[in-house]
Structures are given as C-alpha cells and as structure tokens.
Amino acid sequence: MGPEYRLGNHLKEARARLGLTQGELADRVQVSRKTINTVENGVFVPSTLLALKLAQALEMKVEELFYLTE
Amino acid sequence: MTDKDASNRRVARRTRTLTAGGLFLMVIVFGAYQVFERLDGGQGRLVDLVRLAGITLLALVLSIRSTTSLSFLRRDPMLDDELTRENRLRAGRIGFWAMMLATIACGALSMFVAVTLMEALITILFAGAFAATLRFVRLERRGADGA
C-alpha cells in the first residue's frame with residue numbers, strides 16, 4: 001500500500017497577508033466562516049471548486065495555496 | 001460587529017428557527033393525534049398511522065428547515081455550504097447504521113417479547129434520527145470555535 005497523503009494549506013498565511021478575517025474570506029467565496037476555519041485547520045478537505053475559489057480570492061495559484069503532505 | 005458575533009448570530013438564528021418550527025409542528029402533530037384518537041376510539045390503526053406520519057413529517061420538515069433561513073423555498077447559502085452538506089451526508093450515514101442496528105435489536109428482542117410493527121418502526125426511526133442529529137451537531141461544532 002502506498003503512502004497516505006493529507007492536504008496541507010497556506011490559507012492562514014495567505015489570508016493574513018491580505019489582512020482578511022475568516023469571515024471576510026468566507027463572504028468572498030460564499031461559504032460560512034466555519035468552513036474556512038475547518039479548511040485552515042485541515043479538518044475539512046475542500047472540493048476542487050472551493051479550492052479554486054479560495055485561491056482566486058487570495059490571489060494565488062491553487063498549487064501554491066494547497067500542497068500534499070505524508 | 002465582529003466576525004464571531006455574526007457567526008454566533010447565525011447559529012442563534014438557526015437554533016431559534018429549529019426550536020420554533022419543531023415546537024409548532026409538535027403541537028400540530030399532537031393536535032392531529034388527539035383528534036384522530038377521539039374519532040377512532042384509540043383502538044384502530046389510523047391513530048398509529050397518523051402518529052408515524054407526524055413523526056416522519058416532523059423529521060423531514062426539520063431537516064429541510066435546517067438548510068434555510070425562515071423560508072421553505074429559499075436556501076440560505078451560509079447554512080447550506082460545502083461543509084454543511086458533507087456533515088449532513090456523514091450524519092446521514094451514521095443515522096443509517098443506527099437504523100440498521102435498531103432493526104437488528106428489534107428483531108432480536110421480538111424473539112423474547114412481543115414487539116408490534118408500530119413499536120419497531122418508531123424505535124427504528126427515532127434511533128436513526130437521534131444518531132444522525134447528534135452526529136451532525138458534533139460535526140458542525142468542529143468549525144464553530146476559533147477565529
């Protein structure tokens with residue numbers, strides 16, 4: 001069996017760089033603040049659509065925002 | 001108003017909506033139950049059917065209203081986003097297994113004591129709804145803390 005990957009992210013840093021709160025980012029991508037919080041903490045793995053929307057809102061490429069970790 | 005305040009207000013609004021909706025429906029179901037019981041003399045199957053239909057309706061309405069603000073027609077995107085949908089799905093899965101276990105338990109129990117169909121159905125429905133609701137609340141609470 002191959003290695004088990006997890007999804008890591010730089011959401012918190014990227015959000016802080018733009019001076020956005022979780023709520024403001026949530027409003028930009030039309031989800032709840034709770035969703036942003038769980039994505040940031042690695043509890044919830046977002047869909048491709050949400051990942052792209054987050055990257056767009058944070059002015060980053062999706063592969064810069066998310067990464068795989070073992 | 002801070003970010004957390006807005007979130008807390010949304011949670012409070014949802015709780016109020018669910019509580020009010022639930023109480024309102026329970027009153028209706030209880031009223032309907034009383035009326036049919038009087039009509040039927042409390043002996044027939046009509047009462048059981050109404051009771052079961054009422055419980056099912058209550059569960060359905062509460063499920064639907066948990067994704068809306070105050071409307072049956074308009075969904076609130078903040079209450080029905082990706083995370084909530086996934087949580088609902090996962091809670092539903094737990095509810096399903098709870099119903100399966102309740103079914104097996106009722107089957108096993110019926111070998112020793114008489115269990116009527118209605119008793120079994122209500123037990124199974126309640127087990128599923130209770131387990132799913134509990135799981136959903138726990139999953140939803142995960143993201144509620146922290147800013």
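Visitor: Let's start with salt bridges. How many are there over all chains?
Guide: The count comes to three salt bridges over all chains. This is a predicted model, so keep that in mind throughout.

Visitor: Are A:K34 and B:E140 buried or exposed?
Guide: Both A:K34 and B:E140 are buried. A:K34 has a relative accessible area of 12%, and because the cut-off for buried is under 20%, A:K34 falls on the buried side. B:E140 counts as buried too, at 9% relative accessibility.

Visitor: What else does the side chain of B:E140 make a polar contact with?
Guide: The side chain of B:N87, at 2.9 Å. The side chains of B:E140 and A:K34 are also joined by a polar contact, of 2.5 Å.

Visitor: Where does B:E140 lie?
Guide: B:E140 is in helix α4 of chain B, which covers residues 117-142.

Visitor: And where is the place of A:K34?
Guide: A:K34 belongs to helix α3 of chain A, residues 33-40. Looking back along the chain, A:G23 is eleven residues away from A:K34, and their C-alpha atoms are separated by 8.6 Å.

Visitor: How many residues of α3(A) are buried?
Guide: Eight of its eight residues, so α3(A) is mostly covered. The buried residues include A:R33, A:K34, A:I36 and A:E40.

Visitor: What does A:E40 form a salt bridge with?
Guide: A:R15 is the partner of A:E40, with the closest N and O atoms 2.5 Å apart. A:R15 lies in helix α1 (residues 11-17) of chain A and A:E40 in helix α3 of chain A, so the pair ties together parts that are 25 residues apart in sequence.

Visitor: Buried or exposed, those two? I mean A:R15 and A:E40.
Guide: A:R15 counts as buried at 9% relative accessibility. A:E40 counts as buried as well, at 13%.

Visitor: Why can such side chains pair at all?
Guide: Side chains of opposite charge can pair when their charged atoms come close.

Visitor: OK, on to chain B. Which side chain meets B:E86 in a salt bridge?
Guide: That of B:R90, at 3.7 Å from N to O. B:E86 and B:R90 are four residues apart in helix α3 (residues 82-109) of chain B, so they are separated by about one helical turn.

Visitor: And how exposed is B:E86?
Guide: B:E86 is partly exposed, with a relative accessible area of 29%. B:R90 is partly exposed too, at 25%.

Visitor: What does the secondary structure of chain B come to?
Guide: Four helices and zero strands. From the N terminus on, the elements run α-α-α-α. Of the 147 residues in chain B, 31% are buried. If you take the contacts in chain B with a separation of 6 or more, 60% of them are between residues 24 or more positions apart.

Visitor: Changing topic. How much space lies in the second largest pocket?
Guide: About 160 Å³.

Visitor: Which residues line the second largest pocket?
Guide: Among them are A:Y5, A:L7, A:V39, A:G42, A:F44 and A:F66. Strand β1 (residues 6-9) of chain A gives the most to the lining, with three residues. The lining divides into seven nonpolar, two polar and two charged residues.

Visitor: What phi does A:G42 take?
Guide: A positive one, about 75°, just after α3(A).

Visitor: Which residue other than glycine has a phi near 55°?
Guide: That's A:E59. A:E59 sits in the loop between α4 (48-57) and α5 (62-65) of chain A. A:E59 is exposed, with a relative accessible area of 59%. There's also A:Q30, not a glycine, with a positive phi of about 60°. A:Q30 is found in the loop between α2 (22-29) and α3 of chain A, and counts as partly exposed at 46% relative accessibility.

Visitor: Why point those out?
Guide: Because most residues other than glycine have a negative phi.

Key. Residues numbered from 1 in each chain as written. Chains lettered and ligands numbered in written order. Predicted model: local features only at pLDDT ≥ 70, side-chain atom pairs only at ≥ 80, totals over all residues. Heavy atoms only, no water. Helix = DSSP H or I, 4+ residues; strand = E, 2+ residues; numbered from the N terminus. Buried < 20%, exposed > 50% of the residue type's maximum accessible area, 1.4 Å probe, protein only. 1 Å grid on protein atoms, 1.4 Å probe; cavity = no way out; pocket = protein on both sides within 12 Å on 5 of 7 lines; lining within 4 Å. Points joined across faces, edges and corners; volume = space filled by probe spheres on them. Nonpolar A, V, L, I, M, F, W, Y, C, P; charged D, E, K, R; others polar. Polar contact = N/O pair within 3.5 Å; in protein donor to acceptor, adjacent residues only side chain to side chain. Salt bridge = Lys/Arg side-chain N within 4 Å of Asp/Glu carboxyl O. Contact = heavy atoms within 4.5 Å.
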